[in-house]
Amino acid sequence: MTKKIEEIRTVLLSANYGHENHPEILECFPNGPKRTIGLVEVTLEDGTKGYGEGYLGVFAPKVFESIVDLCKPYLLGKDSFDIKRRYLDLCSICDYWSLQGAARHTTSAIEIALIDAKSKSLEIPAYAMFGDSFSDKVEVYGSGGICDTKEHFIEELEYLKSLGIKKYKIRSTEKDIFRTAWIIEEAKKYEIEIGIDMCQNLADPPLSADEVINFIDSVRKITPEKILFLEEAVGPTDIKGFKKLKDKFDIKICGGEIITTQEEMISRIALGTYDFVQPDASVIGGIQAVLEVFKYAKSKSVDTVVHAWGGPVAIMANYHACFASGGNLVELPMIPYDLEPDLFTDQRKIIDGYLIRPENPGISITMNKEIENKYIFDESAVYSCVVVDRGQPNDNYWETLI
């Protein structure tokens, strides 16, 4: 059975995201609380449409669109069901000049769209293309903690409580000693454990392992409570730093969200870089690349926890990869995004702290012309990686609360 690719086009959508005083907006969205995602729509010869997302659309939507346009002529008329061959076609087009970069996000989006279209044609959920799902549910951790006040933290804790979620990732820098200790103690009242993302992907220069060790030692002098994990605690190329942190702490050390090939992720696993890895299907080449990471990581007794901070299509692609591979934890972004209810509908369902396995065909998102017309692309709605100092309260604010 084959179905040819009839059409490929980019769909850029912009929607309200957070609010104007949210710390991430103040840091990274210079034009206000609106965010863009980049989708690829693949149409098969029978009219079936599949959708994929590349995380690049959040940062450089017009670059994303240009690369899709470059790839399109090489794919039209080809067999959409031979997804591995189409993936290799995309690698041939782009890898020489962007093996580790922007084009991999575009490759990801097209691969996800082909999987979405094929599984819709087969009338099965995307994960079922790769075998039986290991479970009908998987534990969720809340991903937020970009908070300047205790009231904002408590608002997020109450939200997690309402969903029965027991794990919460916050963002911290090396200067946030009392802030970090305060939220660890506050979360204990909710029976919620804390992981820390130190966001060193965006830092220049990034922290050294010794600076991170000093930070954690300082936090532990204030609170002895367990820290679940440290994410991206040093710069993404600092393999020795990650390993030093692993040797020093009883905290799980993790990272990998910006890695754009499964080969690099696998090599890092082989080097003993992480306790668990965080591939993203919208970055690393698509769902099949994430499955390869899961497979190799299991052989080395390393866990895989998919990164899911893109839009709804990227999030659901990662969730399907998790269900296909037997993952036991997934990320739930906590900043409100107006696109989500329309695209998720009832397929992202969380009950008692667990994501319930989606059952609709494809990657289980809803997309149509009405949604496209509702969320018109705004060229100013882009994420800036040049982080702005938002003038947040210094750590003395938090010290007075302890």
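Helix axes here are lines fitted to C-alpha atoms over the stretch in contact, and the angle between two of them runs from 0 to 180 degrees between N-to-C directions. Keep that in mind for the first stop. The model is predicted.

**Stop 1: two packed helices**

Select residues 287–299, helix α11, and residues 312–325, helix α12. Their axes lie 9 Å apart and meet at an angle of about 40°.

Now show side chains. From α11, pick Ile287, Val290, Leu291, Phe294 and Lys298. From α12, pick Ala317, Asn318, Ala321, Cys322, Ala324 and Ser325. These two sets meet. The residues of this contact divide into eight nonpolar, two polar and one charged.

**Stop 2: salt bridges**

Side chains of opposite charge can pair when their charged atoms come close. A search of the whole structure finds 28 salt bridges. Visit three of them.

Start with lysine 72 and glutamate 7. Their side chains form a salt bridge at 2.8 Å, N to O. Lysine 72 sits in helix α3 (residues 61–75) and glutamate 7 in strand β1 (residues 5–16), so the pair ties together parts that are 65 residues apart in sequence. Both ends count as partly exposed: lysine 72 has 24% relative accessibility, and glutamate 7 has 31%.

Stay on strand β1 and move to arginine 9. Which residue does arginine 9 pair with? Its salt-bridge partner is glutamate 41, with the closest N and O atoms 2.7 Å apart. Glutamate 41 belongs to strand β2 (residues 34–44), and the pair links parts of the chain 32 residues apart. Is glutamate 41 buried or exposed? Glutamate 41 counts as buried, at 5% relative accessibility. Arginine 9 counts as partly exposed, at 24%.

Next, select aspartate 89 and arginine 85. They form a salt bridge whose closest N and O atoms are 3.2 Å apart. Both lie in helix α4 (residues 83–98), four residues apart, which means about one helical turn separates them. Aspartate 89 counts as buried at 13% relative accessibility, since the cut-off for buried is under 20%. Arginine 85 is partly exposed, with a relative accessible area of 35%.

Select Arg9, Glu41, Lys49, Lys369 and Glu372 together: they are joined into one network.

**Stop 3: a buried threonine**

Go to threonine 107, in helix α5 (residues 102–121). Threonine 107 is buried, with a relative accessible area of 1%. What does threonine 107 contact, leaving aside its neighbours within four places in sequence? Show Tyr87, Leu90 and Gly285.

**Stop 4: backbone exceptions**

Most residues other than glycine have a negative phi, and most peptide bonds are trans. Three places here depart from that pattern.

Select aspartate 204 and proline 205. The peptide bond from aspartate 204 to proline 205 is cis, with omega near 5°. Proline 205 is in the loop between β6 (193–197) and α8 (209–222).

Step back to glutamate 191, in the loop between α7 (177–188) and β6. Its phi is positive, near 60°, and it is not a glycine. Glutamate 191 is exposed, with a relative accessible area of 61%.

Then jump to serine 364, in the loop between β13 (354–356) and α14 (369–374). Serine 364 has a positive phi of about 70°, again without being a glycine. Is serine 364 buried or exposed? Serine 364 counts as buried, at 2% relative accessibility.

**Stop 5: isoleucine 222**

Finish in helix α8, at isoleucine 222. This residue is partly exposed, with a relative accessible area of 30%. Not counting residues up to four places away in sequence, isoleucine 222 touches Ile177, Phe178, Ala181 and Ile402.

Key
Residues are numbered from 1 along each chain as its sequence is written. This is a predicted model: local features need pLDDT of at least 70, side-chain atom pairs count only at pLDDT 80 or more; totals for chains, interfaces and linings use all residues. Side-chain values use heavy atoms; hydrogens and water are left out. A salt bridge is a side-chain nitrogen of Lys or Arg within 4 Å of a carboxyl oxygen of Asp or Glu. Buried means under 20% relative accessible area, exposed over 50%, partly exposed in between (1.4 Å probe, protein chains only). Contact means heavy atoms within 4.5 Å. Ala, Val, Leu, Ile, Met, Phe, Trp, Tyr, Cys and Pro count as nonpolar, Asp, Glu, Lys and Arg as charged, and the others, Gly among them, as polar.
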